[in-house]
Amino acid sequence: MKVTVFGTGYVGLVQGAILAEVGHEVICVDVDATKVERLKQGQIPIYEPGLEPLVTENYAAGRLKFTTEAEEAIKHGDLQFIAVGTPPDEDGSADLKYVLAVAETIATHMDKRQVIIDKSTVPVGTADKVNAKIAETLEKRGRTDLLFDVVSNPEFLKEGSAVADCMKPDRIIIGTNSDYAEELMRELYAPFNRNHDKVMIMDVRSAELTKYAANCMLATKISFINEIANLSELLGADIEAVRKGIGSDPRIGYQFIYPGVGYGGSCFPKDVQALIRTADQINFDAKVLKSVEARNNEQKTTLFRKVHHHYKGNLQGKTFAVWGLSFKPNTDDMREAPARVLMEALWEAGANVQAFDPEAMEETQRIYGNRDDLNLCGTKESALKGADALIIVTEWQAFRAPDFDLLKAQLAEPLIFDGRNLYEPKRMMKKGFTYYSVGRQ
């Protein structure tokens, strides 16, 4: 099939590359000419395991193309994916200006029946707005004879495993009441649907809400286990034992109940906020979601509070090694990352940071620039040299089995603040470390 994808960000690029991989002819459109040229040269703007070879191989094979020419791309595709950003507005609601701009562009240049697919995470009712924008533009052109369908097809990709998630989806949600659109969508996703039927057809508004509900449910699990971890510290319980105890219940499961320093990234914070704002607009008090957001915001401050307490508030001139800057492993994404909250609090208190992350160093440099109180180190070991203590923020595999003798030798004192519970407290005590973790004694 011939497919057009608007947007070469996280969702659009992964989706376009995967569709090309199974044989579809895909053109990805972006307004950023520099980005498009770099993609043609195999330079991927994001770090995602497995994505680079997927893009370069399919581009070389001619199944995946990149362009800034919207008209050419629209005439190519029988299916038009909208996968542009929906950044949070000042009130936290999703800003739809880019989505609606693409809808208007499609309507300006389409010359045959089109299926327009909302792939971006958008609030309930967005398909109606896209529908209205396309109808309005076609009317201005005097082309009300052109038929079109607007479909909701939310993505369920996890950063760090997006390629695998896209190649082997758990479910394929399609929101439409059009038989024509449903048939094309089933044909598009047939290569991903061979083992068993993963396609779920529903009305458009239910599909739009499904995406938000899924992310908000996962965010709720994270905030819940963090709240129980905080209780564990105060009550003398061990959150790891509690986690295993409740995770063994199949109604709960083990996923997303690992305590830590809060969730971040491009999805959970934005989607929780957006659904809260949607609820506000219809005069519904989303109490659970507001509590999830509040707990998460507070959880991001816990590492700093432990550091502050240990040093009795005297952090002026102290130097801390920070391992992990991205919001989670296997990505360079630092949007809403707990590490940012930690570092900014340390700087405010007069401390210095020596940081290392396997992938997010360039992104950190882009965000913070050159600072006298920030030293970006080439290895995790070099970040330790001369530091007063080690703070672990992201659970990269490379941090799970360090040389503890080296840690002792490099740090001013054997002191670790672990925001991800990578090590066993009793073992760390035997090794002579003062060890702060999350919800453990």
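**Exercise 1. Work out the handedness of the crossing of H9 and H11, then describe how these two helices pack.**

*Solution.* Let's start with the handedness: H9 and H11 make a left-handed crossing. Keep in mind that you're looking at a predicted model.

Next, the geometry. In general, you describe two packed helices by the angle between their axes and the distance between those axes. Here the axes of H9 and H11 (residues 268-281) come within 9 Å and cross at roughly 115°. Angles from 65 to 115 degrees count as roughly perpendicular, so that is the label for H9 and H11.

Now look at who touches whom. On the H9 side you'll find Leu209, Lys211, Tyr212, Asn215, Cys216, Leu218, Ala219 and Ile222, and they meet Phe268, Asp271, Val272, Ala274 and Leu275 in H11. Sort the residues of this contact by class and you get 10 nonpolar, 1 polar and 2 charged.

**Exercise 2. At what angle does H9 pack with H12, and which residues meet?**

*Solution.* Step one: the axes of H9 and H12 (residues 287-299) lie 9 Å apart, at an angle of about 55°.

Step two: the crossing of H9 with H12 is left-handed.

Step three: from H9, the residues Cys216, Ala219, Thr220, Ser223, Asn226, Glu227 and Asn230 meet Leu289, Val292, Arg295, Asn296 and Gln299 of H12. The class count for this contact is 4 nonpolar, 6 polar and 2 charged.

**Exercise 3. Is the crossing of H14 and H15 left-handed or right-handed? Describe the contact too.**

*Solution.* First, find the helices: H14 covers residues 338-348 and H15 covers residues 361-368. Their axes are 13 Å apart, and the packing angle is about 50°. That makes H14 and H15 oblique to each other. As for the handedness, H14 and H15 cross in a right-handed way.

Then list the partners: Arg340, Met343, Glu344 and Trp347 in H14 meet Thr364, Ile367 and Tyr368 in H15. By class, that's 4 nonpolar, 1 polar and 2 charged residues.

**Exercise 4. Which helix gives the most residues to the lining of the second largest pocket?**

*Solution.* Begin with the pocket itself, which has a volume of about 1,400 Å³. It is lined by 46 residues, and the closest to its centre are Lys158, Ile222, Phe256, Lys328 and Glu395.

Now check the elements. Those giving two or more residues to this lining are H9 (204-235) and H10 (239-247). H9 gives the most, with 6 residues.

Finally, sort the lining by class: 19 residues are nonpolar, 13 polar and 14 charged.

Terms used:
Residues are numbered from 1 along each chain as its sequence is written. This is a predicted model: local features need pLDDT of at least 70, side-chain atom pairs count only at pLDDT 80 or more; totals for chains, interfaces and linings use all residues. Side-chain values use heavy atoms; hydrogens and water are left out. On a 1 Å grid over the protein atoms alone, a cavity is a set of points where a 1.4 Å probe fits but cannot get out, and a pocket is an open set with protein on both sides within 12 Å along at least five of seven lines; lining residues have an atom within 4 Å of a point. Grid points are joined across faces, edges and corners, and a volume is the space filled by probe spheres set on the points. Helices (H or I, at least four residues) and strands (E, at least two) are DSSP runs, numbered from the N terminus. Ala, Val, Leu, Ile, Met, Phe, Trp, Tyr, Cys and Pro count as nonpolar, Asp, Glu, Lys and Arg as charged, and the others, Gly among them, as polar. Axes are lines fitted to C-alpha atoms, for helices over the stretch in contact, and angles run from 0 to 180 degrees between N-to-C directions. Angles under 35 degrees count as roughly parallel, over 145 as roughly antiparallel, 65 to 115 as roughly perpendicular and the rest as oblique. A crossing is left-handed if the near helix is turned anticlockwise from the far one by less than a right angle, and right-handed if clockwise. Contact means heavy atoms within 4.5 Å.
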